[in-house]
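The sequence and structure are shown first.

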Amino acid sequence: MGIISKVTKNIEGKAHYYKFPVWYEYTVGVAGEIFAKNLKEQGLLTGAKCPCCGKVYLPPRVYCEECFEEIKEFLALEPVGVVETYCEVYEDIDGNRFDKPKVVAFVRIDGSCGGLFGFIEGSVQMGDKVKAQLVEKRKRTGTVSDVVCFKKVG
Amino acid sequence: MKPDNVRGKNLDKKGFEEATRVKYDLKAEYAYDMGYAVSRYLMGLKAGKIVGIKCHKCGRILVPPRAFCEQCYVPIDDFVELSGRGRVNTFSISYVKWDASRVEKPEIPAVIELEGASPGVGILHVLGEVDPKDVHVGMEVEAVFKEEQDRKGEITDILYFRPVK
Amino acid sequence: MKDVFIIGVGVVPARPLSPEVSYRELIFEAAIKAYEDAGITNKDVETFVAASEDFNEGVSIFDEYVPDQIGAVLKPVHTIGGDGLMALSAAYLQIATGGFRIAFVESHSKLSNLLTQEHIEEFALDPIYFRNTRLDPKFLAGLDMQSYMARSFAPCDAFANVVCAHRKNAMKNPVAGYPAWLTPEGVLATKPVATPLLDGMCAKPADGACCVILANRDVAEACKRAVAIDGIAFYTAEPHPDTWKWGYAIYAELCAKKAYKMAGIESPESEVDLVEADDRFPHKFFEHLEALRLSKPFEGYKDFANGKFSKKGQVPANLSGGHLGIGMMHEATCLYQLAFAVKQLRGEAGEAQLGKVDCAVVQSWRGLPTQTGALAVLRRWG
Amino acid sequence: MGLKLRRKVAVIGAGLTKFMRRALETGRELSFYAARQALDSAGLRFKDIESVVISTAPDAFDGVHMKTEWLADGCGSFHRPYLRGYVGGGSGVFALIQGWYMVASGMFDTCLVVAEEKMSSCQPHPQGAFNTIFDHTLERDLGVNLLWIFALEMNRYMQVHKLGLEEIALVSVKNKKNALDHPSAQIPKAVTVEEVLASEVMAWPVHRLMVSPTTDGAGAVVMASEDVARRVCDKPVWVEGVGWCLDSAFWTNRDLYYPDYVEKAAKMAYEMAGITDPRREIHIAEPYDPFAYKELHHLEGLGLADRGQAPKLLAKGFFDRDGDLPSCPSGGLLGVGNPIAAAGMMKCCELFWQLRGEAGKRQVSRPVKRGVAQAWGDLMQVGTVIVLGV
C-alpha cells in the first residue's frame, strides 16, 4: 500500500524555499473614498445606511448584506463607541514578543451596527465608552491607520 | 442591448495613483517538502545527471520522476539514468520577465524531450549558447550543468540546454 | 430519502512534519487506502472533488496538482475553496443530481511547509479596514473567547479541561498527531497569546491527508459497510468582523437547522450518539456544541464538566481527539473526524469504539477569520 | 453520466459590470453590482435565493486569502450556503456547472452564481502572481511566466499543423472588432492582421495583440429549477449539458498541440445534451480565447472543427458574427477583457442574451437555439463546457 519507498535519511528530506514575489495596492472603492474623505477632512468615521432595513454599516458598504439593496446614503459619525470585546495580545504578527501586552478591542461605533479593531490605552472593560485618537490632520491618509488608538471617555 | 447600464469606474494610471489606496506587503513564505521521487531527481542533478523513472506496468520512462505512474495508478520505484541529451519539442523566444517587465536579450524557454525517456516526455528548461534565430523544433540539445561545487540539488543546477555540436 | 452514502475512507497518520513524502506522495497513500476500504479502483470513480486553499498550499491554482495522485487524470475533477465537509457537500450534490454513481473527495494538509501562517491568516481579512493591528491574528479568537466568557461566566479551567480531554482521547486514535496526557494546570501554565486565550489552548498544525468515497444507493447496496449521509449543510453567517456576533457560532446554528431537518432529527441530545465538532479553540468547541443544540446557550462548559460529552456521557464528543488531539489541518481535520465517525458507525473504531452508534454528527468551521462552516449527519445503514 | 438526471435547470437572469484595467471599486462592490443586476433581471427577490456559487481565480490576484469568504457579502451569501468551485481559468464556466448541480440535486430551487476578479491589486504586475502556479521545486526558479507556456503551446500547435501567424492573428481581428459592440468591453478595436503582427513580440510567437489584457470585473447569473423558472421567467435558457475534465499536472509530458481535456469535457456535455453532431446542432459558440490561437485550439477540442482546420474555417468567415457558426460574438477575452473567472461568466452571459435575442448590435444573424461556452485553465489542463439552449 502507498508508495514503495520514502526518504529515510534526514539529510535527503530537503525542502525548497520560496517567497511569493508580489505585493498589493488595494483601491478603497466607492464607499471607501467617502470614508477617506470624511476621516481626512473632518476626523469623522462613515456609516452606510440601508434604505430598506435602516441598518448602518461601519465600515461603509454600498449594499446591505442582509437585504441586498444598494446603499446610497452615507452618514458621518463621531469616532466614539463602546468596547464590545477585548483581549491582551503578547505577540505581533511575526511572533515578536511585546515588552508589555497590548490591549486590542472591537469597538462598536455609536450610531452603527458595525465597528473597528483598535488598541486601547489604559485599562478597559467591556462596555467602556471610548473615543478614537487620530493622527494629526496633515498626516492623515484616510484609512483606518489614521486611528492610533481608542481612549476611555466619560 | 444587453448588458445595459454596465457599472464600474476605470482608473488610468494617474487616476489609480490619485485614488486612496492601501498598500500591503505580503509575507508568504514556504519550504516545500520535495519528498522521495523529487529528492532523487535533485540528487541526480547535483551529481550532474538527469534521472527518470520507469513504470513497470506501462513501461513508460518518465521525467520528472514521481512515486507513482499517474496513468496506470500504481506505485513505481525503478529509477533510470538518462543521457542528458534531448530534442526541442517546442520553444519560445521571450522578451517578458515573470513580472511583465521587458528584457533586451530574450530568454528561450523550451520543452525538451529527453533521450532515453518515452516519446513526448519532456521537461521545461531554457536554451543557451544559441542564436534565437537558429532554434528549431527537433533541434538536438544537451544539458549544461553548473560546476560541481556550485550545484545545490536544484533545477537550476542545469544552467541551460545547448545545441549538440 | 437516503440518496448518498460513504463507502470508503482513507486516512494517513497526522503528524507535525512529513519530510519523507511530498504532498503528492502523502495524498497517494490516503487515496489508495480509501480505494482499498471501498473495494473499488480509481477507474470506478466518476467525479472527484478536493478541498484546498492556494495560500495554505503555497501554490496558486492548486487544483492543477490534484488529479495525478488520486487517479483522476482526464476525469471530471474540481477543487472546493472550502473545508473538507464542503467538498463532501459538493460531491453529495453531484450524486444527488442522479448523474453520478461514485464520487471521490480528497483533502490534505502540508501546513508544515507554510512558514508564515500568521501572515496568511491576516491576509484573509479585509485589506482596507481590518488588517490594521499587525498582531498575531489569534487575537480574533481572543476577542471571541472573551465575549463567550463574559456571556457564559465560564472559568478558565473549563477551557483547559477541553484540551486535556481531547488530547487524551487522541491516545486511542491511531492517526492522531497530538495525543498527550495533560493537566489543566499544565495547560494554564502555557504562555498567553491573546488573553484569555493561551498558547496551550490552540490546536497545533499538522500534516496529513484524508480521502472519502461517496456512492449512490445502487452502489451502496452492494457494499456491506456503507454509511448513510442523512443530512448535510454548509452556511456562511456574517462574512465580516463588523457584523460578527461575538461569542456565537451562527453558521453552525444555520447548518444544524438545515441538516437536522433533512435527517429528521428533532431532539439532537437524545438522537445523536457521537458528535465530532471543530475545536481549534476550546471556546469554539462550546459555541459549536451549543449551536448544534447539544447544550443550551452558554452552558456547554457546564455540560462538559458534568461528563455529558465524555465517552460514557449522553453525547460523546470528539473522541477522535478533534483538532486539538489530531492536529489542525485546516481543510482536512474535519474529514479525519468524519472518517473516525464512519469507523464508529461501522463498529471498527478499535479501542475508541462506543457501544451503540446509530447516528453521528460531524461539524466543521473554516477557521479564522471566517464565519463559515458545514455539518454532516451520518447514520448506520443496512 | 448516462444516468437519469433528477431535474432540469435554467438560467433566468444575468448581469455584468464594465471590464476595466483598474477599477475604482473593490471586488466586493463589483460583485454586488453584477449580482444585483442579475437578480433584478431574473425578477426574483433576494429572499428567494436559496444558495450561492462564488467563482474567482487565484487569491493571489485580489490579494485576499480565502477570498470568497471576503467576497461573500457582496455576492449575497449572508446566512446562506455558498460553494466556491475552483478550476483556475476554467472557473467562470464551471460556476454555472456548479450552479447546475446545486439546483439539479434537488437541494436548492435557486442559485445566485457570481464570478469576480480584481487583478489590478497585484503588484508589480498581475503577471507576477502567475509564477506561483508552476511546480514549486522544478519550474518556478526558471523564471517561468504564463506567456512562456502559452507561447510553447502556440508554437507546438503551429508546428504540428504548419500554420502561419497571419492565420492566428485573424482571431484577434475578429474578436476585437466584435467587442466594439459590447458595452462592457475593455479593449475593443478595429485592427488588421498587419497591425496584429506588427505589435510587440512578447514571447514569440505570441504578439501583444494576441494576448488578452489583465482586467477587473464581475458577472453573475441566476439559476433556477424548472418549476421556478417557468413561474418567473418568460424565456428561460436551459442548461442542456455540462462537462468538465482535468488532465495531468505533468504538462511537459503531454502533446500540447491538442486539448484532450476539452474534448473529454465537451463529450460529457454533448452526451448529456443528446448532441451527436455538434457542428450542426450547435448554433453559436463562446470558446475561451485568452490568447488568439486558443480560440482555434478550443474550437477543435469542442469538435466544431477538425484538428488543424479551425484556422481555415476562420479565414473563410465561418466563425464571424454573420457566419455559419458565430464564435465569440461577444468579442471574447481578446476584446471584452479577461477578469479570469468573470471572463468565463461573460461568455455564459453572452449565450444567455444571444439565445434570448437580447444582444442588440451583437445579435448574430442566424437563428440560435443552442450554444456552447467553454473555459480553460491551469497548466494547459482543464476544460469546462456548458451547453445552453432555448
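Which residue of E5(C) does A:Val89 stand opposite? In this predicted model, the residue of E5(C) opposite A:Val89 is C:Ala194. A:Glu88 likewise has a counterpart in E5(C), namely C:Thr195. These residues belong to the antiparallel pairing of strand E6 of chain A (residues 80–91) with E5(C), which rests on two bridges.

On the chain C side, 39 residues are in contact with 37 residues of chain A. Among the elements of chain C that each supply at least two residues to the side touching chain A are helix H1 (23–38), helix H6 (139–152) and strand E5 (192–195). That side of chain C comprises 19 nonpolar, 10 polar and 10 charged residues.

Within chain A, E6(A) also pairs with E7(A) (residues 97–109) and with E9(A) (residues 129–134). The pairings of E6(A) are listed below.

E6(A) and E7(A) form a hairpin with five residues between the strands, in which A:Gly95 adopts a positive phi near 85 degrees.

Why is E6(A) described as largely enclosed by the rest of the structure? Of its 12 residues, 10 are buried, and E6(A) is therefore largely enclosed by the rest of the structure.

How values were computed: Residues are numbered from 1 along each chain as its sequence is written. Chains are lettered from A and ligands numbered from 1 in the order in which they are written. This is a predicted model: local features need pLDDT of at least 70, side-chain atom pairs count only at pLDDT 80 or more; totals for chains, interfaces and linings use all residues. Two residues are in contact if their C-beta atoms, placed from the backbone, lie within 7 Å. Helices (H or I, at least four residues) and strands (E, at least two) are DSSP runs, numbered from the N terminus. Ala, Val, Leu, Ile, Met, Phe, Trp, Tyr, Cys and Pro count as nonpolar, Asp, Glu, Lys and Arg as charged, and the others, Gly among them, as polar. Two strands pair if DSSP finds at least two bridges between them. A residue is buried if 20 or more other C-beta atoms lie within 10 Å of its own, exposed if 12 or fewer, and partly exposed in between; C-beta atoms are placed from the backbone.
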